[in-house]
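Morning, everyone. Please have the viewer open while I talk.

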Amino acid sequence: MARNFLHSPGNVPVFRVILLLLLLLPHSSTSSRHDYHDALRKCILFFEGQRSGRLPPDQRVRWRHDSGLHDGATAGLDLTGGYYDAGDNVKFGFPMAFTTTLLAWSIIDFGRTMGPELRNAVKAVKWGTDYLLKATAIPDVVYVQVGDAFSDHNCWERPEDMDTLRTAYKIDRAHPGSDVAGETAAALAAASIVFRSRDPAYSRLLLNRAVRVFEFADRHRGAYSGSLHSAVCPFYCDVNGYQDELLWGAAWLHKASRRRQYREYIVKNEVVLRAGDTINEFGWDNKHAGINVLISKEVLSGRAGYFESFKQNADEFICSLLPGISHPQVQYSPGGLIFKAGGSNMQHVTSLSFLLLAYSNYLSHSNKIVPCGETSASPALLKQLAKRQVDYILGDNPLRMSYMVGYGPRYPQRIHHRGSSLPSVQAHPAHIGCKAGSRYFLSPNPNPNLLVGAVVGGPNSSDAFPDSRPYFQESEPTTYINAPLVGLLAFFSAHP
């Protein structure tokens, strides 16, 4: 079996092969065959539970109601809509834009295997882009957050009952935010590809807005956590710098528009904007691995030799994820889960696994493998590594627990999520105030409203999971955990 996955030009250390095989095997011989299409349906449904604004007639998560209907009023604007990022009621633009980019990328690469769920995935993208268009309506201004995070986090209340400050925070020429603006440009550009044939006029609107927002991000450089530190930190503070988002935005604009100016921008700024830094990181704050994998597709197809260094970075990223090849920033739990230090580990699991799968497809189409010192990794190996992570999420793990709410016989019951943990408006029509919700937060009872499809932050480095609301790093779901998982589940639903 190892020969199908590993190509060995020299003598491969035996321990490395053993580690690879152990981590590729299901946790238990009784592992069940997963229903990836059911998981895909639920993974996309989760986004409807995160919606802000006026809910449409075809809303399927029925315990949710309209919320945030006056968002933007403090600035004299309509900033309704968009997504709540996680278990709170703030609209954070940085992770929302990244979520939208990854939903769009999931459709671009894996939409053909989504079947009837493709329609719902496209709707999920549009719910994000409709909001991002509102947030970028004024030239050289991006509204990057609605809601005061400190007052919101001091309360435990339903989004429908919100009475905390709904301050609208913006970046502009005097207060730059190249990171969030660059990511917003990426999201709009990626989504323009999704809508190119489905709604050409909307696609053009998205692409034109992406061009304008990127020009603003590039011309007025700076990190938004410098301009808006007291509002966005420590929640979605830009720790990594804004340079990667400029390259990321340019990469998506290049893919969406095919304009030479973006290719030249990428080549010219590769070193200046540090494309080769932290190549094994990918998430709402750090785009490096994503940049290299996205751009490498053109190199592997033989069309863009001038991007060769990005492929070298992508290869190094892949090698850093292989079990048994030591890398201090990427570890595996005893049960085989990718683990990186910090909170909400599943965001790393899904985003890195998405890149493994995307790159494996690019390699397959060009009949290439990845050289990793004495070992080489084939596309089949990368797919198997990604599948192992997905199967762990769905229940092939030491606790035999699915980390997706509503999937499988056993899943988290007490997720850190205000709307899910408080009685629904139907069940309790009266207002539940800021501190009145505390008893629900502290209750040992399961959440009354099932947020189907929510994937939580997940177990710790020893595969233990508390299933308790106060342990937010483990029990809180986020949109950017689910977004890349959409693409993974779409692929494995067609290639189990």
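This is a predicted model: local features need pLDDT of at least 70, side-chain atom pairs count only at pLDDT 80 or more; totals for chains, interfaces and linings use all residues.

Let's start with helix 3. It covers residues 36-49, which makes 14 residues. From its first C-alpha to its last, helix 3 reaches 20 Å. That is close to the 20 Å expected at 1.5 Å a residue.

Is helix 3 mostly covered or mostly open? Mostly covered: 12 of its 14 residues are buried. Among them are Tyr36, Asp38, Leu40, Lys42, Phe46 and Glu48. Gly49 is buried too. And what covers those buried residues? The cover includes helix 4 (93-110) and helix 5 (118-135). Helix 16 (379-394) and helix 20 (479-494) are also part of it.

Let's look at helix 20 next to helix 3. A general point comes before the numbers. Two packed helices are described by the angle between their axes and the distance between the axes. For helix 3 and helix 20, the axes come within 9 Å. They cross at roughly 155 degrees. An angle over 145 degrees counts as roughly antiparallel. Helix 3 and helix 20 are therefore roughly antiparallel to each other. The crossing is left-handed.

Which residues meet there? On the helix 3 side, they include Tyr36, His37, Leu40, Cys43 and Phe47. On the helix 20 side, they include Asn482, Val486, Leu489 and Phe492. Notice that Tyr36, Leu40, Cys43 and Phe47 also belong to the buried set of helix 3.

Here is a second pair of helices. Helix 14 is residues 308-321, and helix 15 is residues 346-366. Their axes come within 11 Å and cross at roughly 120 degrees. Angles of 65 to 115 degrees count as roughly perpendicular, and those over 145 as roughly antiparallel. Helix 14 makes the contact with Lys311, Ala314, Asp315, Phe317, Ile318 and Leu321. Helix 15 brings Leu352, Leu355, Leu356 and Tyr359.

Helix 7 runs over residues 178-194 and has 17 residues. It reaches 24 Å between its first and last C-alpha, close to the 24 Å expected. How many of its residues are buried? 17 of the 17, so helix 7 is largely enclosed by the rest of the structure.

Now the sheet. Strands of a sheet pair through backbone hydrogen bonds, either parallel or antiparallel. Which kind do we have here? The pairing is antiparallel, in an open sheet of three strands with the order 2-3-4. The edge strands are strand 2 (91-92) and strand 4 (168-171). Each of those pairs on one side only.

Strand 3 is residues 142-146. With strand 2, it pairs over two bridges. There, phenylalanine 92 stands opposite glutamine 145. With strand 4, strand 3 pairs over four bridges. Tyrosine 143 has lysine 170 as its bridge partner in strand 4. Strand 3 is also mostly covered, with five of its five residues buried.

Last stop: the loops. Find proline 334, between strand 5 (331-332) and strand 6 (338-339). Is it buried or exposed? Its relative accessible area is 70%, so proline 334 is exposed. It touches Ser461, Ser462 and Asp463, leaving aside residues up to four places away in sequence.

Aspartate 463 has a relative accessible area of 4%, so it is buried. Its phi is near 70 degrees, a positive value in a residue other than glycine.

Asparagine 367 has a positive phi as well, near 55 degrees. It sits in the loop between helix 15 and strand 7 (370-372). At 73% relative accessibility, asparagine 367 counts as exposed.

Finally, go to proline 234, in the loop between helix 10 (229-232) and helix 11 (243-257). The peptide bond from cysteine 233 to proline 234 is cis. Its omega is near 5 degrees.

Key:
Residues are numbered from 1 along each chain as its sequence is written. Side-chain values use heavy atoms; hydrogens and water are left out. The expected span of a helix is 1.5 Å times one less than its number of residues. Buried means under 20% relative accessible area, exposed over 50%, partly exposed in between (1.4 Å probe, protein chains only). Contact means heavy atoms within 4.5 Å. Two strands pair if DSSP finds at least two bridges between them. Axes are lines fitted to C-alpha atoms, for helices over the stretch in contact, and angles run from 0 to 180 degrees between N-to-C directions. Angles under 35 degrees count as roughly parallel, over 145 as roughly antiparallel, 65 to 115 as roughly perpendicular and the rest as oblique. A crossing is left-handed if the near helix is turned anticlockwise from the far one by less than a right angle, and right-handed if clockwise.
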